[in-house]
Amino acid sequence: MTPKEVLEFAKKNEVKMVDLKFMDLPGTWQHFGVPVSQLEEDSFEDGFGFDGSSIRGWQPIHASDMLVVPDPETAIMDPFASVPTLSLICNIVDPITKESYSRDPRYVARKAENYLKSTGLGDTAYFGPEAEFFILDDVRFGQNANSAFYSVDSVEGWWNSGRDEDPNLGYKPRHGGGYFPCSPTDSTAAIRVEMVLVLESIGIEVEAEHHEVATAGQAEIDMKFGPLVEMSDQLMWFKYIVKNVARNNGKTATFMPKPIFEDNGSGMHTHVSIWKDGKPLFAGDRYGGLSEMAMHFMGGILKHAPSLCALTNPTTNSYRRLVPGYEAPINLVYSSRNRSAAIRIPLYSASPKAKRLEFRTPDPTCNSYLAFSAILMAGLDGVENRIDPGEPMDKNIYGLPPEELVNIPSAPGSLEEALDNLEADHEFLLKGDVFTPDLIQMWLEYKRENEVEAIRLRPHPYEFALYFDI
């Protein structure tokens, strides 16, 4: 839509409020509202002022004034607002220079798309994320100087098979047994269907929904692939809708990768392909039906994967999932069917349009604008430098003898390790000014201070079981 069309759309839908949404650095949607009377055609250039110092990872307090500038192409009626509300996703602009803000994640994604076009290698990067999540019934946690705990519960939880539920009707999926029995074992089917219908009501095309492997309501809803910025926008709507539909049903949804011990965590397998002039470029006669370009793209991702993880798996909890077993894609190799490999080449369709890479390591706590941009930049570095991805790994990696296993590189074992890798290897992200040194430095500082050190300094509850009686 054009700005004029947005105003006509608002009038047609009798809009009362305008909700201005934008992304902070760690990856959470922020917003504020203005009455529709404040929205004019000039608003799409002049923007609306706000305090940038209160946004995580952004401005210092002495330079706090910022502008949110609505993108007219993102206009959608908010499906959860109590009054007719127009939602607009915004870009962040400096009020003095009118330049786009280097730490605005959406700006990074826009630059990544432009960089792809500037290389002449392609004009569109398509992404298809499979963001898994848990639908839970109760979540409690606390952290004080003298205590720490968490408790998550679900009527589906296997641990509740013996609980007095007056009556307990059984049908609790076992650990690793949620993929995917019918109702009544699958107790969240109706909620997932409602999520799908709300997604489709705002124009997001859904391909499938199902229960996932873990007990306790683990779920997956797959959206059709889309261009980088557009899919990043859609993923934020996806999370917003999943959380709000769950809440409206008296449940809660989390995209935290590993909320439950000894069961599969939630990943975000990310499908990616490059197209040019409406034609797919990843189909060819190499391994798995890939083109030479796709092989080199894959080589770039595998080479830079240890540093990519700082953006695609950006939480300390991410590395509770990235451990051997539980189908965790920790091995930095590729395969057509091996799901423990970091990259899989799906073989569901022989169509060239369906030929793509599936990077299985990321999880849904990532800031999608930054993560997708980083994946693209790593892959393009592979194409530009003709990086060989090596030989495929079609064996059962977990069944390999130690002398073979030692030669297989693996993903970082902690957020701290991933951040160290990013600090040492980020030149590929700086090409075309897509990422800036100042953004990389802020990301490292923020993550180390607010997450790595915060976790390191606190006693862990399990340490009492290990050490209290020593």
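These legends walk through close-up views of one predicted protein model.

The model is predicted: local features need pLDDT of at least 70, side-chain atom pairs count only at pLDDT 80 or more, and totals for chains, interfaces and linings use all residues. Residues are numbered from 1 along each chain as its sequence is written, and side-chain values use heavy atoms, with hydrogens and water left out.

View 1. Helices (H or I, at least four residues) and strands (E, at least two) are DSSP runs, numbered from the N terminus. The C-alpha trace spans about 65 × 60 × 50 Å along its principal axes. A compact globule of 470 residues would have a radius of gyration near 23 Å; this chain has 23 Å, so the two agree. That radius is taken over C-alpha atoms, and the globule rule is 2.2 Å times the number of residues to the power 0.38. Of the 470 residues, 52% count as buried. Buried means under 20% relative accessible area, exposed over 50%, and partly exposed in between (1.4 Å probe, protein chains only). Contact means heavy atoms within 4.5 Å. Among contacts with a separation of 6 or more, 67% join residues 24 or more positions apart.

**View 2. Phe 127 and Phe 372, a stacked pair.** Rings of Phe, Tyr and Trp (its six-membered ring) pair if their centres lie within 6.5 Å; planes under 30 degrees apart count as stacked, over 60 as edge-to-face and the rest as tilted. This rule gives 19 aromatic pairs. Here the ring centres are 4.8 Å apart and the planes meet at 15°, so the pair is stacked. Phe 127 lies in strand β7 (residues 124–136) and Phe 372 in helix α8 (residues 368–384), so the pair ties together parts 245 residues apart in sequence. Phe 127 is buried, at a relative accessible area of 0%. Phe 372 is buried too, also at 0%.

**View 3. Phe 133 and Phe 255, a tilted pair.** The centres are 5.4 Å apart, with 50° between the planes. Phe 133 lies in strand β7 and Phe 255 in the loop between β13 (252–254) and β14 (268–276), so the pair ties together parts 122 residues apart in sequence. Both Phe 133 and Phe 255 are buried.

**View 4. Lys 21 over two rings, Trp 29 and Tyr 240.** A charge sits over a ring if NZ of Lys or CZ of Arg is within 6 Å of the ring centre and within 35 degrees of the ring normal. The charged end of Lys 21 is 5.5 Å from the centre of the Trp 29 ring. For Tyr 240, the distance to the ring centre is 5.2 Å.

**View 5. Helix α3, residues 105–119.** The expected span of a helix is 1.5 Å times one less than its number of residues. For the 15 residues of α3 that gives 21 Å, and the end C-alpha atoms are 21 Å apart, so the values agree. Its buried residues include Val 108, Ala 112, Tyr 115 and Leu 116. Gly 120 follows α3, with a positive phi near 80°.

**View 6. Asn 264, in the loop between β13 and β14.** Asn 264 counts as buried, at 10% relative accessibility. Beyond its neighbours within four places in sequence, Asn 264 contacts residues including Phe 134, Gln 218 and Tyr 326.
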